[in-house]
Amino acid sequence: MKIMIINGPNLNLLGIREPDLYGKETYEQLTEYVNNYAKQKGFELTIRQSNHEGDLIDYIQEAYFENIQGIVINPAAYTHTSVGLLDAIKAVNLPTVEVHLSDVAKRENYRQISYIREACLATVSGKGFSGYLEALDILLRHLTQNSDGEF
Ligand code: DQA
């Protein structure tokens, strides 16, 4: 089983950026945390991060061309602006779970729209790093239900 995690703009600054909202742990700690989970569960994990919208679209297409089976994506600010990301997820038609560290539903009005949500299996929000594991679990459950059960 091959899965890709895609992180959007400013998530590379975790630990520095607004720690009251996003926590004190760094981006490197997040990657370690999800990589350990992949080892424990026995699936292959590719992690990508960019501050640029077009790069995020390229990663979604890369997932398709590299025969990755599913995507967990935190598009960060592009969640609320990007039809291009929605179109990319629809184009590759890979099962995708949306994740946010903070509880976007309880934040500003301009964060209430997610352009990608309609193309995603589920959205996990407000659970910090553990939300990524929950998103991976949702994806793994979906993928194993739709295959022979082998990772
Ligand atoms: C975020 C929420 C977005 O609204 C924000 O722009 C981010 C991070 C989150 O993980 O909580 O950059 O996606």
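1. Asn-109 counts as exposed, at 70% relative accessibility. The scale is as follows: buried is under 20% relative accessible area, exposed is over 50%, and partly exposed is in between, with a 1.4 Å probe and protein chains only. Asn-109 sits in the loop between β4 and β5. Helices (H or I, at least four residues) and strands (E, at least two) are DSSP runs, numbered from the N terminus.

2. Some ground rules. This is a predicted model, in which local features need pLDDT of at least 70, side-chain atom pairs count only at pLDDT 80 or more, and totals for chains, interfaces and linings use all residues. Residues are numbered from 1 along each chain as its sequence is written, and side-chain values use heavy atoms, with hydrogens and water left out.

3. Confidence. pLDDT is the predictor's confidence in each residue, from 0 to 100. Its mean over the protein is 96, and 97% of the residues reach 70 or more. Helix α1 (residues 19-22) has the lowest confidence, at a mean of 95. The highest is in β3, at 99.

4. Is Ser-102 buried or exposed? Ser-102 counts as buried, at 6% relative accessibility. Leaving aside residues up to four places away in sequence, Ser-102 touches Leu-21, Tyr-22, Arg-107, Ser-125 and Gly-126. Contact here means heavy atoms within 4.5 Å. Ser-102 and Leu-30 are 72 residues apart in sequence and 14 Å apart in space, C-alpha to C-alpha.

5. Helix α5 covers residues 130-145, 16 residues in total. From first C-alpha to last it reaches 23 Å, close to the 22 Å expected at 1.5 Å a residue. The expected span is 1.5 Å times one less than the number of residues. Gly-131, Tyr-132, Leu-133, Ala-135, Leu-136, Leu-139, Leu-140 and Leu-143 of α5 are buried. An α-helix has 3.6 residues a turn, so residues three or four places apart point the same way. What covers the buried residues of α5? The cover includes β1 (2-7), α2 (27-41), β3 (70-74), β4 (96-100) and β5 (122-125).

6. Leu-133 and Val-34 are 99 residues apart in sequence, yet 7.0 Å apart in space, C-alpha to C-alpha.

7. Now the α3 and α4 pair. Helix α3 (residues 53-65) packs on helix α4 (residues 83-92) at an angle of about 5°, and the axes are 9 Å apart. Axes are lines fitted to C-alpha atoms, for helices over the stretch in contact, and angles run from 0 to 180 degrees between N-to-C directions. That angle makes α3 roughly parallel to α4. Angles under 35 degrees count as roughly parallel, over 145 as roughly antiparallel, 65 to 115 as roughly perpendicular and the rest as oblique. From α3, the contact uses Leu-56, Ile-57, Ile-60, Gln-61 and Tyr-64. From α4, it uses Gly-84, Leu-85, Ala-88, Ile-89 and Val-92. Of these contact residues, eight are nonpolar, two polar and none charged. Ala, Val, Leu, Ile, Met, Phe, Trp, Tyr, Cys and Pro count as nonpolar, Asp, Glu, Lys and Arg as charged, and the others, Gly among them, as polar.

8. Two backbone points to check. Ala-76 is not a glycine, yet has a positive phi of about 50°. Ala-76 lies in the loop between β3 and α4 and is buried, with a relative accessible area of 12%. Asn-93, also not a glycine, has a positive phi of about 55°. Asn-93 is in the loop between α4 and β4 and counts as exposed, at 64% relative accessibility.

9. Last, Gly-42. This residue is in the loop between α2 and β2 (44-49). At 41% relative accessibility, Gly-42 counts as partly exposed. Gly-42 and Met-1 are 41 residues apart along the chain, and their C-alpha atoms are separated by 8.1 Å.
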